[in-house]
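Here are my notes on the model, point by point. Have the viewer open while you read.

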Amino acid sequence: MKRVKLALFLVFAILCFSGGILADRALVGPGETSPKPPESMEEDRPVCKNVIRPNFVLPSDGLFFNSAYDKPITREKAEDLFAQALETTNFNKRAELLRQVAMGIPKDDLQEALEWVDQIPLGEDRTFFQADLLSRWAKEDIASALAYADGLKVTGQRNMALANVVGVWVRHDVDAALAWVLEQPDGQVRTQSLQTAIWQVTTTDPARAAELAGKLDPVQADYQMGAIYRQWAVLEPDVAAEKAGRLPQGQGRFMALHSVAAAWGENDVDAALSWIKSLEKGPETEGLISAAIVSYATRQKDPKRALE
């Protein structure tokens, strides 16, 4: 009877996993719209410290030319495509045209292209267009991109723009980027930029990312733990498991333990189960065995082995 229940659970979990992937794709699909940012302008906000860092230029490594639409185009072609984007009522077509402009316009025209942003109605198109242009500019000249982002008047756009620039900066000079982020006063700029930095650092140095998460408020830090410990378990499962087990009781520990169980279970379910059985029983450990087995069955496509 237990084997039947487990089999049904595995089938249900796999269906949920597949549905989650489809849902993720739908959420980022071109047909969706994001909430409009606030239109209020001059709000009280702390001024960023040390925005300008003269003579700091990121290497040009072609990082952003990585899709079918990310091809260099002339300034004249960019102007023509932008005009077409403003005229079309087809959401998919407009998004495609703006992407071509942002990622293909010559780098010497990036700053001027950012002035075109105001011609686009508030919404997802405008946000993505600005983000793409800023990412490319930051790759070429971090100081100028950072100064531009800090000068934006709409507070929500400013915070997002600064975080976007920081995300590019971290990929090229993590220490300098983190030094700038951590010297900012408490507020949304520091929080969003730090969250962006943590996301970037997690892919290569999850141990450092976990340390940085401790600089967020407890609720925000807890939300970071799942992604951090999942990547950590991919790179160093034994270390990640040991560190997760030492975390204080709470939501952060729960997310860390389940992420380790899932990531470790994908590749070495026996080792994952052995670790899980060694843990002291508690609220955070409930469901860990199922997490490891379901992850193994989903990744390895071997439900028969999972039932064993």
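Predicted model: local features only at pLDDT ≥ 70, side-chain atom pairs only at ≥ 80, totals over all residues.

1. Start with Arg158, which sits in helix 7. Is Arg158 buried or exposed? With a relative accessible area of 1%, Arg158 falls under the 20% cut-off and is buried.

2. Gln188 itself belongs to helix 9, which covers residues 188–202. Its relative accessible area is 46%, so Gln188 is partly exposed. Leaving out residues up to four places away in sequence, Gln188 touches Asn159 and Ser193.

3. You'll find Leu182 in helix 8, residues 174–182. Leu182 comes out as partly exposed because its relative accessibility is 31%. Which residues does Leu182 contact, once neighbours within four places in sequence are set aside? They are Arg190, Leu194 and Lys215. For Leu194, the C-alpha to C-alpha distance from Leu182 is 7.7 Å, at a sequence separation of 12 residues.

4. Now the overall picture. The chain has 16 helices and zero strands. Of its 308 residues, 43% are buried. If you look at contacts between residues at least 6 apart in sequence, 66% of them join residues at least 24 apart.

5. On to the core. The largest nonpolar core holds 74 residues, and Phe129, Tyr229, Val260 and Trp275 are the ones with the most contacts inside it. Helix 7, residues 155–172, supplies the largest share of this core, with seven residues. That is also the helix where Arg158 is found.

6. Not counting residues up to four places away in sequence, Trp275 touches Ala241, Leu257, Val260, Ala261 and Trp264. Val260 is another of the residues with the most contacts inside the core. Keep those names in mind for the next point.

7. Helix 12 (residues 237–246) and helix 13 (residues 251–267) have axes that come within 9 Å and cross at roughly 160 degrees. How are these two helices oriented relative to each other, parallel or antiparallel? That angle is over the 145 degree cut-off, so helix 12 and helix 13 are roughly antiparallel. The crossing of helix 12 past helix 13 is left-handed. Helix 12 brings Pro237, Asp238, Ala240, Ala241, Ala244 and Gly245 to the contact, while helix 13 brings Arg253, Ala256, Leu257, Val260 and Trp264. By class, that gives eight nonpolar residues, one polar and two charged. Several names return from the Trp275 list, including Ala241, Leu257, Val260 and Trp264.

8. Helix 2 (residues 75–87) and helix 3 (residues 91–104) are the next pair to inspect. Their axes come within 9 Å and cross at roughly 155 degrees, so this pair is roughly antiparallel. Helix 2 passes helix 3 in a left-handed crossing. From helix 2, the contact uses Ala78, Leu81, Phe82, Gln84 and Ala85; from helix 3, it uses Arg94, Leu97, Leu98, Gln100 and Val101. These residues divide into seven nonpolar, two polar and one charged.

9. Helix 3 also packs on helix 5 (residues 124–140), at an angle of about 15 degrees and with the axes 9 Å apart. Here the helices are roughly parallel, because the angle is under 35 degrees. The crossing of helix 3 and helix 5 is right-handed. On the helix 3 side are Phe91, Arg94, Ala95, Leu98, Arg99, Val101, Ala102, Met103 and Gly104, meeting Glu124, Asp125, Phe129, Asp132, Leu133 and Arg136 of helix 5. The class count for this contact is eight nonpolar, one polar and six charged residues. Phe129, in that helix 5 set, is also among the residues with the most contacts inside the largest nonpolar core.

Key:
Residues numbered from 1 in each chain as written. Heavy atoms only, no water. Axes fitted to C-alpha atoms, helices over the stretch in contact; angles between N-to-C directions. Helix = DSSP H or I, 4+ residues; strand = E, 2+ residues; numbered from the N terminus. Parallel < 35°, antiparallel > 145°, perpendicular 65-115°, else oblique. Left-handed = near helix turned anticlockwise from the far one by under 90°. Contact = heavy atoms within 4.5 Å. Nonpolar A, V, L, I, M, F, W, Y, C, P; charged D, E, K, R; others polar. Core = buried A, V, L, I, M, F, W, Y, C linked by side-chain atoms within 4.5 Å. Buried < 20%, exposed > 50% of the residue type's maximum accessible area, 1.4 Å probe, protein only.
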